[in-house]
Amino acid sequence: MGLFKKNPFGHILFLKRWLIRIAGMMTHQRYKGFNTLEIEGSQIIRELPENNVLFVSNHQTYFADVVAMFHVFNASLKGRDDNIKNLGYLWNPKLNIYYVAAKETMGKSLLTKILAYAGSISIERTWRADGKNVNRQVKFSDISNIGKALDDGWVITFPQGTTTPWKPLRKGTAHIIKKYKPVVVPVVIDGFRRSFDKKGLRVKKKGILQSMQIKEPLDIDYDNESIDAILEKLEYAIEQHPSFLKVISEKELLAYEEENQKRRYSYKGKLDG
């Protein structure tokens, strides 16, 4: 019976364990080999409760960010201090780690469906679908699924809902925080946009220093703080508040994004050719 034990979403844990092991072995060199991942805050991971933890992070690629967190969180829980040395931490991974992702992204291919089985909470975006701007109501089933995942374990979310930096945070994250009252842990990542393509599946450049900083849980007054106050607190915590543009000019960021776009078109042209 234990072999076919399932999580609250009906996923067989035995299968999920092997998917995480295999994906971990296939991707490890992306963070400790081709590139170097600098980690800060492993001890914070070990001090967290077993469930009702919400990780909020800035976002740079569709999948490489999440995969790196699976590596770091599991390595930290197995006693690694700010490193992912020795793949033994993947043998018995934490199986109740989930991440929020767009349903249309997770259903596009066999690979994304496998990644979804490993821990995705797939939701319908209310502001964008099939590359177009939309305006639709939040599905209550999406919210309840995030609550179900929090009740079972840890959830990773990217409240900007896009890999483009400095975009406003979506209010849905703050509503979830007020409703379910999770421990909120900010995560700040960098270097992934330079290392990988936008999807985070292809290594674009080697020798890049990536970084992941896990910060102390936020002090939030769930009952009395407003949605806007919580959003502002999150923006500062994941270093995406507009004030950070004083350090890096918006002109520089736009030029950087344009260069990335040219690289993507160039790569696509080579594939089509």
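## Contacts of Ile-156

Beyond the neighbours within four places in sequence, Ile-156 touches Phe-55, Met-69, Phe-70, Phe-73, Ile-97, Tyr-98, Tyr-99 and Val-100. This is a predicted model. Ile-156 belongs to strand S7. Its relative accessibility is 0%, so Ile-156 counts as buried; the cut-off for buried is under 20%.

One of the contacts, Tyr-98, is 58 residues away from Ile-156 along the chain, yet the C-alpha atoms of the two are separated by 6.1 Å.

S2 pairs with strands S7 and S8. With S7 (residues 154-157), S2 runs parallel, and four bridges join the two strands. With S8 (residues 183-190), the pairing is also in the parallel sense, over five bridges. Leu-54 takes part in both pairings: its bridge partner in S7 is Val-155, and in S8 Leu-54 stands opposite Val-184.

## Helix H9

Helix H9 spans residues 227-237, and its buried residues are Ile-227, Ile-230, Leu-231, Leu-234, Glu-235 and Ala-237. Viewed down the axis of H9, these residues fall within an arc of 165 degrees, so they line one face of the helix.

What covers the buried residues of H9? The cover includes S2, helix H7 (171-180) and S8.

## Residues with a positive phi

Most residues other than glycine have a negative phi. Several residues in this model depart from that pattern. Lys-181 is not a glycine either, and its phi is positive at about 50 degrees.

Asn-86 sits in the loop between helix H3 (64-77) and strand S3 (97-102). Its relative accessible area is 55%, so Asn-86 is exposed. Lys-181 sits in the loop between H7 and S8. With a relative accessibility of 37%, Lys-181 counts as partly exposed.

## Salt bridges

Side chains of opposite charge can pair when their charged atoms come close. The count for this model comes to six salt bridges. One of them joins Asp-81 and Arg-46, whose closest N and O atoms are 2.5 Å apart. Asp-81 lies in the loop between H3 and S3 and Arg-46 in helix H2 (residues 42-46), so this pair ties together parts that are 35 residues apart in sequence. Asp-81 is exposed, with a relative accessible area of 51%, whereas Arg-46 is partly exposed at 32%.

Another salt bridge links the side chains of Glu-50 and Lys-94, at 3.1 Å from N to O. Glu-50 is in the loop between H2 and S2 and Lys-94 in the loop between H3 and S3, so the pair ties together parts that are 44 residues apart in sequence. Asp-190 is partly exposed at 33% relative accessibility, and Arg-194 is partly exposed with a relative accessible area of 33%.

## A nonpolar patch on the surface

Which residues form a nonpolar patch on the surface? They are Leu-3, Phe-4, Phe-14, Trp-18, Ile-22, Met-25, Met-26 and Trp-91. Together they have about 910 Å² of accessible area. Leu-3 is found in the segment before helix H1 (13-31). Its relative accessibility is 45%, so Leu-3 counts as partly exposed.

How values were computed: Residues numbered from 1 in each chain as written. Predicted model: local features only at pLDDT ≥ 70, side-chain atom pairs only at ≥ 80, totals over all residues. Heavy atoms only, no water. Pairing = 2+ DSSP bridges. Patch = residues over 30% accessible without salt bridge, like charges linked within 9 Å, V, L, I, M, F, W, Y side chains within 5 Å. Areas by Shrake-Rupley, 256 points an atom, 1.4 Å probe, with all protein chains shown as cover. Salt bridge = Lys/Arg side-chain N within 4 Å of Asp/Glu carboxyl O. Buried < 20%, exposed > 50% of the residue type's maximum accessible area, 1.4 Å probe, protein only. Arc of directions from axis to C-beta. Contact = heavy atoms within 4.5 Å.
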